[in-house]
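Me: I would like to learn how to read the place where two chains meet. Can we go through it one feature at a time?

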2 protein chains.
Amino acid sequence: MLFRRFASTSCLPPTIHQLLRSETTSPSSIQVNGWVRSVRRQKKVAFAAVTDGSSSHDLQAVFLNTDLAKRLTNGCSVRLTGKLCTSPGAGQAKELQVEEAEVVGECDPELYPIQKQTLSVEYLRDNCHLRARTSPVAAMLRLRDTFKTAIHEFFKREGFHSVHTPILTSNDCEGAGEAFRVAPLTSVHPASSGLPPKTEEFFSNPSYLTVSSQLHLEALAAAMSRVYTLSPCFRAEPSQTARHLAEFWMLEAEWAFTQSVDDVCRVVEAATKEVLQAALASQDMEVFAKDFDPSRLEALKSAADASRAWPRMSYTMAVEKLTKSGVAFQFAPEWGKPLQSEHERWLAEILIGGPVFVTDYPASLKPFYMRANPDGETAACFDLLVPHAGELVGGSLREERLDLLEKAMERHGLDADTYRWYLDLRKWGGAPHGGFGMGFERLVSWISGIENVRECIPMPRWAGRMLL
Amino acid sequence: MLFRRFASTSCLPPTIHQLLRSETTSPSSIQVNGWVRSVRRQKKVAFAAVTDGSSSHDLQAVFLNTDLAKRLTNGCSVRLTGKLCTSPGAGQAKELQVEEAEVVGECDPELYPIQKQTLSVEYLRDNCHLRARTSPVAAMLRLRDTFKTAIHEFFKREGFHSVHTPILTSNDCEGAGEAFRVAPLTSVHPASSGLPPKTEEFFSNPSYLTVSSQLHLEALAAAMSRVYTLSPCFRAEPSQTARHLAEFWMLEAEWAFTQSVDDVCRVVEAATKEVLQAALASQDMEVFAKDFDPSRLEALKSAADASRAWPRMSYTMAVEKLTKSGVAFQFAPEWGKPLQSEHERWLAEILIGGPVFVTDYPASLKPFYMRANPDGETAACFDLLVPHAGELVGGSLREERLDLLEKAMERHGLDADTYRWYLDLRKWGGAPHGGFGMGFERLVSWISGIENVRECIPMPRWAGRMLL
């Protein structure tokens, strides 16, 4: 009777997560697969903590016949048969009383690279292919999945469609010149052939890895109204900070018929709160929250509160607040200059103590596509700043007025021919529209408290480093 | 009272899809945004079909005051205010009785590239940025979204986690030499500097665009047990067929503790049937099914039937059937040679009349990582062949036995050092495991009946061609 739900609709046996959360215990024997995280041997009984990566809670396996536990070592993979029972011990509701144990894949406990003591992040980066076997990295990976589910559910409910925008593109959306180039097909090395270099392009025109899906999303929003994507993006920037990766994931959404920055911020806020709520409800957050300063968890709960709107202030107001703060910043805040990380952190961490939208930056600091405000100086845009992680989201209304867009492109020295299609979107039934981009690893970093984004993605890439 | 669900939990007004599927009509006025697909003017009344891309059904807007419809043209964007009423006319359950109409973005009906008559696929490829405004392309995009949702729900229920595997990689999984290379950072063109070319790599080692996430998924499955990804993949293959793209999306899943090809096929079959059922239940399929040969829809329904298992046959049996078929194939079927497209289609379309798993191909035809069968000749693998689209899925058990894997790599001339991490997965608590890859655009093509995969993705890229 038990696990009928699994048996009737599933192709695979239940995971440890599914077993632990199921209401009942098992009258008959079941099979559990996983890896041994630790073994504790006593005279008449042995215990093993077993994980299959599905849960932040290990399954406690109890061996009343200690012989069965003899060959078990940390890291080995096992197939256990036994009964799932209510656990008399503290620390877990259920345990597996083992009747049969088979070591499926051995693991030399002396040489195993993933030892039980705390391993440095640098060491784990070097052992990137094994680091998901540690509890925090596995929890981070499951948390990413939880975030994705929350994001999909939010956008589905709001009438958005998820779309796949291209990774290879002929344009450089941000115009920052940090796009990776896909190599042309040169069969003979130009330097060794003695001939002029042949740069035969695979696609006939030069291709780059996308730095943002926004322009493509705009084309789709001009037909589907509401679209979003969680897509890989690439920046060939050499900076080695805790907030930058050469390959990262970005949530980008774009929708038509939105008319104010306020509208766009409202969607960002609702989406982010939904992710926060999903995170706070998940077991995996316990893995991180146990090391938090208690105020940090409170701050996250407060940010997740749907009844309290996140503050918004203009860039002009932010610069004023920074100037009057009396803080000795490394870079003096000044209207017309970008906000530095230290400024962003002060605004979110000290002034507000939570997420804050900063709006209407000087147009000169922003890309060509942002909608000009009536003041002629600022753009209808915003950044969302959060404690610790800094800039989490950037967004704006997009310039839908053809003449103003053409002038902005001229000012930015962009070739009108390359962007003909983008101008076309304004020419044929254009509509006011806006959108945003959110760094997915920064979101993970902010909520989990993991300091470096290199630990917020399964297999990080940055300047000088790409394993696997 | 009406739209309370929207008003209380949503940031945005309802889409046309949400309006049309809601149970009730509107006692008070509402606002609808969208694009005019066509206008029909009579003496005392005018009608406009309005779409916002959210539904395959247009909203019928009724203008009792025909002046309001005066400025409306095909393709223009509009904001309409009115009451949602039960429609007396045939063809729709509801209609909007328009009280106010505003043209938000004009569209010259003479010059608009998306005219009402049927446009050729080639013309629409050239106008890739506008083609989502046509009904079939929009339906295809929504269908992709429906597929993705079905996939995520299936894998979630089966205890899988969705993971983001890297796009930039140092290995070429399939070993077919068709990986795109990311260009090194050479500031001076080697041919013009007179110096030996400097190939300074951004990541210190050469990097490629992934051709498959499988090896990375294997690393994660060795920690999380069950993982999957829907990820972009890239092949620099020059072939110009209806089934190949240079950039495409692949659903790949990998799980530990699976022990037979049969197990892997069962998961593939269940996942695919769930997508089929979601497709058949969606309004968007109507857009395609209305042009189907009736037998095609029946075949899809039959394939979706959970109570009927898809047939499985060995490669050896398939070759025998082909040989005895009496069909004059261009390539004679022969044991030890790959199945050609014509063979695959005959098996799925003629012999079986539906999806069929072909298993246990000669190991010499398959990549190094597939598990060797006891017969010493074949691999524990399969292809799923479907009518029209041919090979939809490929999968296998992976070789988990370290010594056999090392020998296979040697046979394939692979460098053990590059794959040290991959061997490591077998060394430390390895487990039998398997998985598969499914071409997402081929799935769309098979189910929708769209012939060419270039029309199954928003913005296609193939050899010689990359717009936007």
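Reply: We can begin with charge pairs. This is a predicted model, and across the interface of chain A and chain B the rule finds 0 salt bridges.

Me: How many residue pairs are in polar contact between chain A and chain B?

Reply: The count is 46 residue pairs, both residues at pLDDT 80 or more.

Me: Which helix of chain A gives the most to the side that touches chain B?

Reply: That is helix H4, residues 135–157, with 11 residues. By class, the side of chain A that touches chain B holds 61 nonpolar, 32 polar and 23 charged residues.

Me: How is the size of an interface given?

Reply: Often as the accessible area lost when the parts come together. Here chain A and chain B bury about 9,500 Å² between them, and 64% of that lies on carbon and sulfur atoms. Of the area that chain A buries against chain B, 9% comes from A:His164, A:Trp428 and A:Met466, more than from any other three residues.

Me: How many residues does each chain bring to the contact?

Reply: Chain A brings 116 residues and chain B brings 117 residues. Of the interface residues of chain A, 100% are also interface residues in chain B, so the copies meet through the same surface.

Me: What rotation superposes chain A on chain B?

Reply: A rotation of 180°, with 0.0 Å of shift along its axis, and the RMSD is 0.0 Å. The two copies are therefore related as by a two-fold rotation axis.

Notes
Residues numbered from 1 in each chain as written. Chains lettered and ligands numbered in written order. Predicted model: local features only at pLDDT ≥ 70, side-chain atom pairs only at ≥ 80, totals over all residues. Heavy atoms only, no water. Contact = heavy atoms within 4.5 Å. Buried area = accessible area lost by both parts, 1.4 Å probe. Salt bridge = Lys/Arg side-chain N within 4 Å of Asp/Glu carboxyl O. Polar contact = N/O pair within 3.5 Å; in protein donor to acceptor, adjacent residues only side chain to side chain. Helix = DSSP H or I, 4+ residues; strand = E, 2+ residues; numbered from the N terminus. Nonpolar A, V, L, I, M, F, W, Y, C, P; charged D, E, K, R; others polar. Least-squares fit on C-alpha atoms with pLDDT ≥ 70 in both.
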